[in-house]
Amino acid sequence: MRQRNLYTWSAIIGACSREKRWGDVVELFYWMMKDGDVIPDNFLFPKILQACSNSRDAETGRLIHGMAIKLGLCKELRVNNSILSVYAKCGLLSFAEKFFERMEVNDRVSWNAMITGYCHAGQINEAERLIESMKEKGLEPDEITWNVLISSCNHLGRCDVAKKLMNAMETCGVKPDVFTWTSMILGFAQNNRRLEAVKLFREMLLSGVVPNGITVMSAISACSSLKDVRKGKEVHLVAIKLGHGEDVLVGNSLVDMYSKCGKLDSARRVFDTMAEKDVYTWNSMIGGYCQAGYCGVAHDLFKQMQESGFILPNVVTWNVMITGYIQNGDEDEAMDMFSTMEKNGGVKRDTATWNALIAGLLDRGQKNKALGIFRQMQSCSVKPNSVTVLSILPACANLIAVKKLKEIHCCVVKRSLESELSVANSMIDTYAKAGEIEYSKKIFAKMPSVDIITWNTMTTGYVLHGCADEAIELFERMTRQECRPNRGTFASVISAYGLAKKVEEGKRVFSNMIEEYQIVPCLDHYVAVVNLYGRSGKVDEAFEFVANMASEESEDVSIWWALLTCCRRHGNVKLAIHAGEKLLDLEPDNNETLFVRKLVLQLYDLRGISKESLKMKRKETTGYSLGRSWMEDKNTVHTFVSGDLRQLDGKSLRSWIERVESCNKESQYRDMLSIEEEDEEEDEESVGIHSEKLALAFALIKSCRESTPRTIRLVKNVRMCGNCHWFAKLVSKRHGCEIYISDSKCLHHFKNGVCSCGDYW
């Protein structure tokens with residue numbers, strides 16, 4: 001175009017503005033200035049400033065502000081309001097406030113611009129103050145003012161404040177419109193208050209305000225999250241009556257809602273009748289079939305989508321298929337989809353693709369494969385995110401995965417993910433379970449902010465490691481910082497007082513939990529209190545406590561296992577029989593109770609009770625679990641099986657164990673109780689040397705050739721017997737090493753002949 005005038009520039013900028021192409025508007029402004037022949041007027045400046053506001057371009061806004069001063073346009077209210085809006089929306093509130101105060105005239109648009117700025121900055125109280133000032137100046141807030149304030153409150157999760165503002169809006173004579181109601185419904189739905197969102201939708205209909213497509217979609221999404229198909233159908237009928245049935249957003253939300261509620265026929269009917277479909281429509285339907293286990297039907301639909309040529313599968317579609325296959329047990333198909341995604345599908349894998357595969361493998365117990373995929377992900381230069389880390393960390397929550405855990409920790413630091421609260425919390429938990437409580441402490445100490453999960457995780461870690469004093473001190477520190485404890489906190493703290501043998505303090509915490517914090521005790525609290533009494537030898541008090549419990553909780557096997565442990569540790573034969581018989585009543589056919597049966601038979605002999613007692617007539621179980629232990633050495637995990645001397649030079653292991661035991665005959669293990677020890681694993685006379693002894697022998701024989709290991713880490717599949725517990729204490733003292741053994745009951749940390757469990761497990 002040879003000649004450009006103000007009219008032509010206004011036309012092209014106005015067209016881009018109507019299309020909301022804000023970047024193009026700003027670019028055209030600079031082009032216009034470069035030409036130098038035409039200067040914007042009081043009509044064109046507001047359009048350009050609107051683009052600056054919406055694109056958050058404060059620099060251009062300041063430039064135009066300077067031009068407006070030079071051109072004498074600062075007395076134009078429309079121009080001033082546009083400049084004010086730029087400063088407010090760009091978060092430059094101090095500039096906005098000064099400019100607002102210097103304006104000769106402020107109208108409702110000026111006030112709304114300032115209120116919007118404070119709302120977007122999350123300063124709701126300041127926004128409310130401005131509304132009061134606005135009223136004092138004789139200007140009543142209009143629908144825009146109220147809607148901006150209400151929408152911002154909902155966006156910030158302050159839904160109750162938003163509801164009060166909506167009521168105040170009506171009190172001031174301003175009727176809530178469709179935007180107000182939609183904002184409220186969407187706000188409640190997005191802040192996990194979906195039932196209230198659906199109620200608000202009904203109230204909206206009763207008030208006579210007609211919902212739009214966004215309102216209907218929000219209500220359906222709330223029903224979808226609630227998995228309430230009845231309410232969803234009601235909203236569906238309203239959508240049809242109001243003519244929103246053809247709306248693609250409404251259709252998508254209906255397909256999603258019916259799929260999540262398990263009504264695949266209804267979802268498919270909506271899908272098939274939709275004249276216009278987008279990729280989200282296809283993904284929702286395919287996801288519905290995968291979630292229900294119909295991966296074959298989902299694959300057919302996936303193929304149909306590929307062959308249609310109109311809407312091709314995107315990365316989400318592929319991820320949904322991979323997730324569906326692996327969650328439904330078809331690992332081969334999932335891996336095939338993963339492999340062909342880029343080659344045949346032409347779709348680049350994203351972080352979510354790798355996450356889907358890692359999470360699926362872990363759900364199937366394939367820890368090593370999941371860790372392999374995690375390493376492959378990094379080698380392909382795909383950046384793990386917090387979801388990746390949170391998925392993979394549980395695979396390292398054991399004593400023989402410390403190296404892998406530290407590898408993941410390095411990745412977390414490299415990707416700057418340690419600042420994310422959920423990641424830091426999970427790292428604390430995983431390190432504690434991996435036997436590295438010192439690392440947990442360091443991470444906790446460096447965290448800039450903590451939540452209740454952080455406090456609970458650290459407290460639980462201390463309890464796991466037998467650090468009672470540290471757990472109690474942390475709880476006291478937590479309460480001093482006015483962080484309200486929850487159920488999990490109290491379960492750990494009561495356990496800590498049990499470890500410390502501070503019964504009265506533990507009882508007081510339990511009472512405070514009920515009376516002061518209004519928390520109803522659950523099974524974890526009851527077990528913790530039984531152990532609180534048991535560790536201090538108060539067997540009668542423990543039984544009395546259980547007798548006063550609600551019948552439902554007192555019938556749980558966890559309570560009676562705790563009571564049986566209490567009796568065994570303190571030699572109370574009579575009550576041990578009672579606890580053992582109760583366990584046999586509750587779980588007569590469970591393999592874990594086989595040793596309880598043998599124990600009760602022994603106790604019957606001690607008490608002169610006939611073995612033909614009716615209480616002992618139970619179906620025989622299959623037998624003891626075979627003891628296995630695992631230990632990692634030089635990136636290889638060794639497996640040790642009780643009695644199996646064919647492994648790893650078994651004869652040398654046997655002679656080493658016998659030599660250690662014979663040198664310490666005077667301190668050889670003897671049950672300190674009057675009840676003979678019975679365990680989940682058969683004794684060594686029957687099955688041979690237990691697996692943890694073999695593992696310890698292997699580690700220490702090897703250390704003679706190399707340097708003495710500072711720590712030995714084992715994982716065992718069943719509870720340690722008393723003799724092996726004594727042996728581990730003996731070895732830790734004699735060889736000056738630390739030993740961590742995680743069995744089916746607890747984590748044992750042996751050091752200088754002492755175990756963290758306090759010989760109570």
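Two strands count as a pair if DSSP finds at least two bridges between them. With that in hand, strand β3 (residues 711-716) and strand β4 (residues 738-742) pair up in the parallel sense, over five bridges. One of the spots where they meet is T711, whose bridge partner in β4 is E738. Keep in mind that what you're looking at is a predicted model.

## Around strand β3

β3 has a partner in strand β1 (residues 628-633) as well, and here the pairing is antiparallel, over two bridges. On that side, S629 has K716 of β3 as its bridge partner. How many of the six residues of β3 are buried? Five of them are, so to speak, tucked away, and the strand is mostly covered.

To get from β3 to β4, look for helix α40 (residues 722-735): β3, α40 and β4 together make a right-handed β-α-β unit.

K716 turns up again in a salt bridge with E692, where the closest N and O atoms are 2.6 Å apart. E692 sits in helix α39 (residues 691-705) and K716 in β3, so this pair ties together parts that are 24 residues apart in sequence. Both E692 and K716 are buried.

## Salt bridges elsewhere

Side chains of opposite charge can pair when their charged atoms come close. Searching the whole structure turns up 25 salt bridges. Here are three of them, with their N to O distances:

| Salt bridge | Distance |
|---|---|
| R193 and E196 | 2.9 Å |
| K231 and D228 | 2.9 Å |
| E692 and K716 | 2.6 Å |

K231 and D228 are both buried. E196, on the other hand, is partly exposed, with a relative accessible area of 33%. R193 and E196 also belong to one network with D160, joined by salt bridges that share partners.

In soluble globular proteins, nonpolar side chains tend to be buried together. The largest nonpolar core in this model has 200 residues, and I408 and L563 are the ones that touch the most other members. Which helix gives this core its largest share? That's α34 (residues 557-570), with nine residues.

## Two loop residues with positive phi

N192 isn't a glycine, yet its phi is positive, at about 60°. You'll find N192 in the loop between α11 (178-190) and α12 (194-207). Is N192 buried or exposed? It's exposed, with a relative accessible area of 57%.

S381 is exposed, and its relative accessible area is 62%.

## How confident is the prediction?

The protein averages a pLDDT of 89, and 94% of the residues score at least 70. Over residues 669-674, though, the pLDDT is below 50; in the model, this stretch has 14 contacts beyond near neighbours in sequence.

Key. Residues are numbered from 1 along each chain as its sequence is written. This is a predicted model: local features need pLDDT of at least 70, side-chain atom pairs count only at pLDDT 80 or more; totals for chains, interfaces and linings use all residues. Side-chain values use heavy atoms; hydrogens and water are left out. Helices (H or I, at least four residues) and strands (E, at least two) are DSSP runs, numbered from the N terminus. Buried means under 20% relative accessible area, exposed over 50%, partly exposed in between (1.4 Å probe, protein chains only). pLDDT is the predictor's confidence in each residue, from 0 to 100. Contact means heavy atoms within 4.5 Å. A nonpolar core is a set of buried Ala, Val, Leu, Ile, Met, Phe, Trp, Tyr and Cys residues joined through side-chain atoms within 4.5 Å. A crossover is right-handed if, with the strands pointing away from the viewer, the path from the first strand over the helix to the second runs clockwise. A salt bridge is a side-chain nitrogen of Lys or Arg within 4 Å of a carboxyl oxygen of Asp or Glu.
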